[in-house]
Structures are given as C-alpha cells and as structure tokens.
Amino acid sequence: MKITAVTCVKNEGPFLLEWIAYHQCIGVTDFLFYSNDCDDGTDTLLNALQELEHVQHLPNPAEGRNYQMEALKDAKKRDIVRNADWVWIADVDEFPNIHVGDHSLPALIEACGNPQAISLNFQFFANNDIETFQDRPVIKQFTHCHNPDIWRGEAAIEVKTLVRQDFPLKYYGAHRPFSRDNVQSSALLEWTDGAGRKVPNRFLTAALPRHIRCFPAAGSRKFATLNHYALRSMDSYLVKNDRGDVNRENRAFDDIYWRERNDPAWEDTSIHRYLPAMTARMDALKAQANIGTLHEASVAAHIARRDALLEQKVYRDMQTQLRTASKLPPQEEAILRELGLWEEVV
C-alpha cells in the first residue's frame with residue numbers, strides 16, 4: 001500500500017526527523033514537503049533527505065500568502081500523489097495515534113472498512129509547563145490534553161483526513177477533501193470518522209461553514225485520534241509566533257491561541273507505544289550521510305532564534321504573559337464566571 005504524506009513547512013528543522021520517522025512507523029511510504037522562507041536549515045535538511053530518496057522537497061509555489069492551499073493545488077498534479085493509494089495531508093506537529101491492530105494506517109483503514117476517506121479528530125496537547133526547548137521527541141515530552149470530547153467548551157473538534165485515491169476529488173483542503181458537486185451525498189461517498197462511523201452529513205457536504213473542518217468527537221476515537229502538539233515548549237512557541245505559519249505570514253499567536261490549546265486536564269500517553277521503533281528510525285536517519293549534522297545545525301539555529309527573540313522586550317513580555325495565563329480556554333472561563341464558580345478553581 002502506497003501512502004503519501006503531504007505537508008508544508010517553514011522553520012521546522014528540529015522536528016522533521018521525528019515526524020518522518022513516526023510516519024514511517026505507521027505505514028507512510030512517501031513524503032512530499034513544500035517549504036518557504038526557511039532560515040533554520042529546514043530546506044537544507046530536506047534537500048539532503050531528498051538526495052537519499054527519503055522525501056521529495058519542493059519550494060512552495062505560492063506567490064501570495066495562501067501557502068498551504070497553493071501547495072495542495074500543486075500536489076494534486078504530482079506523481080507522488082497521483083500514484084498513491086492514499087494521501088495524508090497534515091502538519092509537522094500532528095501525529096495520528098492508531099489504537100487498533102498493529103497501530104498502522106493500513107490497520108486503521110481495515111478497521112474502518114476501507115472507505116474513501118477517514119477523518120480523525122484532534123487532541124490538542126498542552127505545554128505541560130515545559131519552558132526550555134529540548135532536542136527530545138515531542139510525543140514523549142507532552143502528555144496532557146483537554147478532555148478528548150470537549151475543546152473550548154464545544155463538542156465539535158477539528159479534523160485531518162486520510163483520502164483514498166478514488167475519492168471523487170474536486171480539490172484537497174488542509175483539513176478535508178472537497179468532492180465534486182455531483183457526488184456531494186452520503187449515499188455516494190464512503191467517509192468515516194476514526195471509529196468507522198459515517199461522518200455527519202453536514203460535514204460531508206460542507207453544508208454549513210462551521211461544519212467544514214469539524215464534527216463532534218464523542219465516540220470517534222475507537223480506532224484512532226490525531227495528537228496535535230501545537231504549542232510544544234515555551235521556547236518553540238515563541239519561535240513559532242515569530243515565524244508565522246504556512247497559511248499567513250507574521251500571524252500573531254496571542255494568548256487566546258495558547259489558552260485554547262493548553263488545557264492539561266487529561267493525560268494520554270498511549271502514543272508512547274511508538275517510541276522504541278520511532279527512535280530507532282530517527283537514529284538510522286541521523287547516521288546517513290550528513291543528516292545528523294544538519295539536524296544538529298537546525299537545533300542550534302532554533303535555540304539561537306529563541307535567544308535573539310528574548311533580547312526584545314515584546315517577546316519577554318509575551319513569555320511573562322503566557323507563564324501566568326489561565327490553563328482554561330477563554331470560553332470555559334467565561335462559563336465558570338457566569339456560574340459564579342471561577343474563584344473556586346483559581
């Protein structure tokens with residue numbers, strides 16, 4: 001089974017090898033990376049991995065700011081995507097955690113009945129009060145998240161989607177594919193959640209804007225969930241804030257973004273089952289050619305960027321603000337305040 005992972009990156013050098021090794025462990029066979037405006041060695045490391053035939057690496061074709069959608073438009077035409085049995089579109093801080101069979105994507109596909117698409121709900125993993133960046137596996141460091149069925153006081157949680165090659169594709173979206181207009185029907189599409197259940201019809205047909213990227217997560221994680229490490233360490237979050245993201249340059253991640261993803265109420269270490277195999281694959285990658293040296297250079301660049309940012313008052317103030325920010329999303333805090341319960345949990 002050929003499974004191609006497609007992703008966009010900017011200054012993600014320290015995290016590339018973990019993400020690649022992890023996805024190799026779960027059955028991804030091919031990788032297509034798009035990069036833009038990197039100054040931490042991300043593009044150099046990807047070029048070296050491409051020379052060793054581990055990945056394909058292309059400059060992002062976007063001429064404006066819509067980096068991810070332009071890349072996905074280009075990816076649709078590439079042989080590495082066209083010839084795949086399945087396409088997985090995700091970011092380098094997202095890890096499918098598969099609970100069934102041998103914990104691989106093929107096992108998930110089988111459990112779900114081999115549908116045309118499988119959408120996995122996020123679990124947003126908190127910062128765990130880890131301030132200092134460490135060159136250690138992200139999936140090992142961060143172990144707490146929100147209640148998996150509730151995020152920001154809502155039951156509807158965002159997804160990413162594994163897409164079978166025969167899906168009647170109009171275009172790839174960052175969170176889900178969009179089908180051709182004449183097949184937007186639950187009777188014509190085989191599309192499940194991470195428990196093998198049909199996705200809600202309003203999500204499938206994109207009937208309402210708020211249903212395009214999410215649906216209720218309750219009961220959807222029987223076979224798999226999607227661990228999302230959007231915050232990582234405080235150091236890495238500051239660097240992320242500085243670089244913007246792949247969709248919009250210089251986007252400011254204020255404390256609302258942080259608080260919405262920093263609820264540590266629930267501990268989940270199930271993804272640690274992958275650590276031995278993933279670590280072995282990372283070590284094998286580092287041992288090839290100059291991959292280890294390039295990885296270490298990207299780590300040094302990441303730390304140097306952190307140091308440079310903290311010389312600026314605005315980033316020192318941001319660091320202070322995040323240290324003292326509530327670990328509840330603003331929506332949940334508002335509910336507690338309305339009920340007169342806020343002081344009891346402070």
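**Salt bridges, cysteines and fold**

Reader: Are Lys160 and Asp91 buried or exposed?

Author: This is a predicted model: local features need pLDDT of at least 70, side-chain atom pairs count only at pLDDT 80 or more, and totals for chains, interfaces and linings use all residues. Residues are numbered from 1 along each chain as its sequence is written; side-chain values use heavy atoms, leaving out hydrogens and water. Buried means under 20% relative accessible area, exposed over 50%, partly exposed in between (1.4 Å probe, protein chains only). Both Lys160 and Asp91 are buried.

Reader: How many residues apart in sequence are the parts tied together by Lys160 and Asp91?

Author: Their side chains meet in a salt bridge, 3.5 Å from N to O. (A salt bridge is a side-chain nitrogen of Lys or Arg within 4 Å of a carboxyl oxygen of Asp or Glu.) Lys160 lies in strand β8 (residues 156–164) and Asp91 in the loop between β4 (86–89) and β5 (94–98), so the parts tied together are apart in sequence by 69 residues.

Reader: Which residue joins Asp91 and Lys160 in a network of salt bridges?

Author: The structure holds 20 salt bridges. Some of them form a network linking Asp91 and Lys160 with Glu94.

Reader: Where in the chain is Lys240, the salt-bridge partner of Asp93?

Author: The closest N and O atoms of Asp93 and Lys240 are 3.9 Å apart. Both residues are buried. The pair links distant parts of the chain, 147 residues apart: Asp93 is in the loop between β4 and β5, and Lys240 is in helix α8 (residues 234–243).

Reader: What is the relative accessible area of Arg197, which pairs with Asp193?

Author: The closest N and O atoms of this salt bridge are 2.8 Å apart. Asp193 is buried, at 2%. Arg197 is partly exposed, with a relative accessible area of 37%.

Reader: How many disulfides does a search of the whole structure find?

Author: A disulfide is a pair of cysteine sulfur atoms within 2.5 Å. The sulfur of Cys38 is 11 Å from the closest cysteine sulfur, in Cys8, so that is too far for a bond. Cys112 is in no disulfide either, with the nearest cysteine sulfur, in Cys214, 19 Å away. The number of disulfides found is 0.

Technical notes
Helices (H or I, at least four residues) and strands (E, at least two) are DSSP runs, numbered from the N terminus.
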